[in-house]
Amino acid sequence: MLKLYFAKGSSALASHLLLEEVGADYTAHEISIQSGAHKEGAYRAINPKMRVPALETAEGIITENPAILNYVAATHPASGVLPDTSFGRAQADAFNAYLCATMHVAFAHKLRGARWADTEQAREDMAAKVPANLRDCAQLIEAHYLKGPWILGDQYTTCDAYMILVPQWLSKAGVDINEFPKLAAHRDALMSRPATQTVMAAHDL
Ligand SMILES: N[C@@H](CCC(=O)N[C@@H](CS)C(=O)NCC(=O)O)C(=O)O
């Protein structure tokens, strides 16, 4: 059985959602970031990067949302959440890499500036840029990468599960998702799915 390590309201929401969406046989184990449990020995043995999510499988641990999403999709082929073609899978990987390496990192500058800067002033400057940077990311997705109704078109894929984080990031940064009508419609479509509702409730969202 798969075991997901997650923190409520964290980016683990994306992997959690796909596990639920494909009907995976899994358990979810909460790690409290607030109490620092992700930095303690037991969890460091699971993920030395001291981040969530992490997914325990029969073969070992997988970290990083894009890798977990791909693994869950590939091991549940009947769910149809992995694009059928090599090109489609590459498009999904490119989109998920953008969320992971650009948009999530842009959001992290709001509360995690200490990773990059030592002075209060520098951290304040980075945090002040977060709404503008997230708006740029959202606009890029809106204009170029949301085919509709799902990210890659008619098929719900790993990208759509990852997209559950975008409304969260925008809201926490004080950016109104309604500035981006396609993103708002995508959020509504995601929220109407039973799997999304189950996972949001599990995260107290
Ligand atoms: N690239 C990683 C990022 C994971 C990540 O940064 N997780 C955050 C929660 S959203 C975390 O564990 N933060 C703990 C910390 O910064 O101490 C992924 O996509 O899985």
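**Close-up views of the ligand site**

**View 1. Residues around the ligand.** His-38, Val-52, Glu-64, Asn-65 and Arg-115 come nearest among the 16 residues around the ligand, where a residue counts as near if one of its heavy atoms lies within 4 Å. The model is predicted: local features need pLDDT of at least 70 and side-chain atom pairs pLDDT 80 or more, while totals for chains, interfaces and linings use all residues. Numbering starts from 1 along each chain as its sequence is written, and side-chain values use heavy atoms, with hydrogens and water left out. The shell holds six nonpolar, five polar and five charged residues; Asp, Glu, Lys and Arg count as charged, Ala, Val, Leu, Ile, Met, Phe, Trp, Tyr, Cys and Pro as nonpolar, and the others, including Gly, as polar.

View 2. A polar contact here is a pair of N or O atoms within 3.5 Å. A backbone N or O atom of Asn-65 is 3.0 Å from a ligand oxygen atom. For Arg-51, a polar side-chain atom lies 3.1 Å from an oxygen atom of the ligand. In Arg-112, a side-chain N or O atom is 3.4 Å from a ligand oxygen atom. The protein covers 87% of the 520 Å² of accessible area that the ligand has on its own (Shrake-Rupley method, 1.4 Å probe).

View 3. The domain assignment, automatic or from a database, gives domain 1 (2-79) and domain 2 (86-199). Their C-alpha centres lie 19 Å apart. The contact (heavy atoms within 4.5 Å) takes 18 residues from domain 1 and 19 residues from domain 2. The ligand lies between the domains because both give residues to the shell around it.

Key. Polar contact = N/O pair within 3.5 Å; in protein donor to acceptor, adjacent residues only side chain to side chain.
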